[in-house]
Amino acid sequence: MAGKVVHPLPYNLRLNSDKSGDRARILVPTVHPQGDQRVLRCVQAALNAGFAVTVIWLGDRPAALSSSRFTELVLPSPGSTRQRLMRVLDVVRAAWHVDAAAWHIHDFYLLPFARRWAVKSGRSFVYDQHEFYDLYYQSRMPGILRSTGLVARLVNAFQLRMVADVGVANVVHPAMASLYEQREIRVSVTPNLPLVDPEVVRGLPSWTDRSNQVIHIYGRSKGIAWYGLMGYGITHNDS
């Protein structure tokens, strides 16, 4: 029997069934724009693994009709970077009202809120790191601060502190993964674009596979919900 397809956006989200039952729900709160392709890839992977998903993001189009497996809350698009930062609080306020098994965040700014939620709820979150934030913020510093590397080290220390013990990481490039591996934080690599360096791509699924599904797995280990290889035939694993 063909799965039901919902079309909340031009990107087609596919459902194996429109019957929800008692499915764990993944919450994706983000200040990324409605229809962001990486966010949707993660949503599709969660749906493929049998989860229900709620997305909170920013946009101007009306929210799609709700499904038992997929719902979205669309907050107004910001008109400036400052407004986007203010939207973080709006997204977080909405997120508190969703009963979720785990959060999957895509924003550096949401880290302290995700950690607070995880500590309070006893659950966990995935930090999807899209950028080299250490290099980005370092490059925006004036003269001597830019040359010392201090800001980059502080940014990395902050990311590690927020994720440690209550979260896991999903990153867009293998070079980002070592930051988490050194602290023994669970991390998976799901590139957005084809990689050409043979040392980088060794051991990763083909680009064709990576372009169609995100690498994650859901399970529990020591009370923490993990992701890793979800979408490659692995669903709930509570061992």
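What percentage of the 239 residues in the protein do buried residues make up? Buried residues make up 51% of them, where buried means under 20% relative accessible area, exposed means over 50%, and partly exposed lies in between (1.4 Å probe, protein chains only). This is a predicted model, in which local features need pLDDT of at least 70 and side-chain atom pairs count only at pLDDT 80 or more, while totals for chains, interfaces and linings use all residues. Residues are numbered from 1 along each chain as its sequence is written, and side-chain values use heavy atoms, with hydrogens and water left out.

**Overall make-up**

- The protein has 9 helices and 12 strands; helices (H or I, at least four residues) and strands (E, at least two) are DSSP runs, numbered from the N terminus.
- Of the contacts between residues at least 6 apart in sequence, 52% join residues at least 24 apart; a contact means heavy atoms within 4.5 Å.

**The sheet**

- Seven strands form an open sheet with parallel pairing, in the order S5-S4-S3-S6-S7-S8-S9; two strands pair if DSSP finds at least two bridges between them.
- Strand S5 (70–76) and strand S9 (187–189) stand at the edges with a single partner strand each, so one side of each has no neighbour in the sheet.
- From one strand to the next, the twist averages 15°; axes are lines fitted to C-alpha atoms, for helices over the stretch in contact, and angles run from 0 to 180 degrees between N-to-C directions.
- Strand S3 (residues 25–33) is largely enclosed by the rest of the structure, because 8 of its 9 residues are buried.
- S3 pairs with strand S4 (residues 52–59) in the parallel sense over 6 bridges, and the partner of Val28 in S4 is Val55.
- S3 also pairs with S6 in the parallel sense, over 2 bridges, and Ile26 stands opposite Ala102 in S6.
- Strand S6 (residues 102–105) and strand S7 (residues 124–129) are joined in the parallel sense by 4 bridges; Trp103 has Phe125 of S7 as its bridge partner.

**Helices**

- Helix H3 (residues 111–121) packs on the sheet and touches S6 and S7, with its direction at about 160° to that of S7.
- Helix H7 (residues 174–181) lies across S7, strand S8 (167–171) and S9, and runs at about 175° to S9.
- Helix H1 (residues 37–48) has 12 residues and spans 16 Å from its first C-alpha to its last, close to the expected 16 Å; the expected span is 1.5 Å times one less than the number of residues.
- H1 is mostly covered, with 10 of its 12 residues buried, including Arg38, Val39 and Cys42.
- Asp36 caps the N-terminal end of H1 through a side-chain oxygen 3.1 Å from the backbone nitrogen of Arg38.
- Gly50, which follows H1, has a positive phi, near 100°.
- Together, S3, H1 and S4 make a right-handed β-α-β unit; right-handed means that, with the strands pointing away from the viewer, the path from the first strand over the helix to the second runs clockwise.

**His106**

- His106 is in the loop between S6 and H3, and it counts as buried because its relative accessibility is 0%.
- The side chain of His106 makes a polar contact of 2.8 Å with the side chain of His130; a polar contact is a pair of N or O atoms within 3.5 Å, and within protein one must be able to donate a hydrogen and the other to accept it, while residues adjacent in sequence count only if both atoms are side-chain atoms.
- Not counting residues up to four places away in sequence, the residues that His106 touches include Val28, Arg38, Val39, Cys42 and Asp128.
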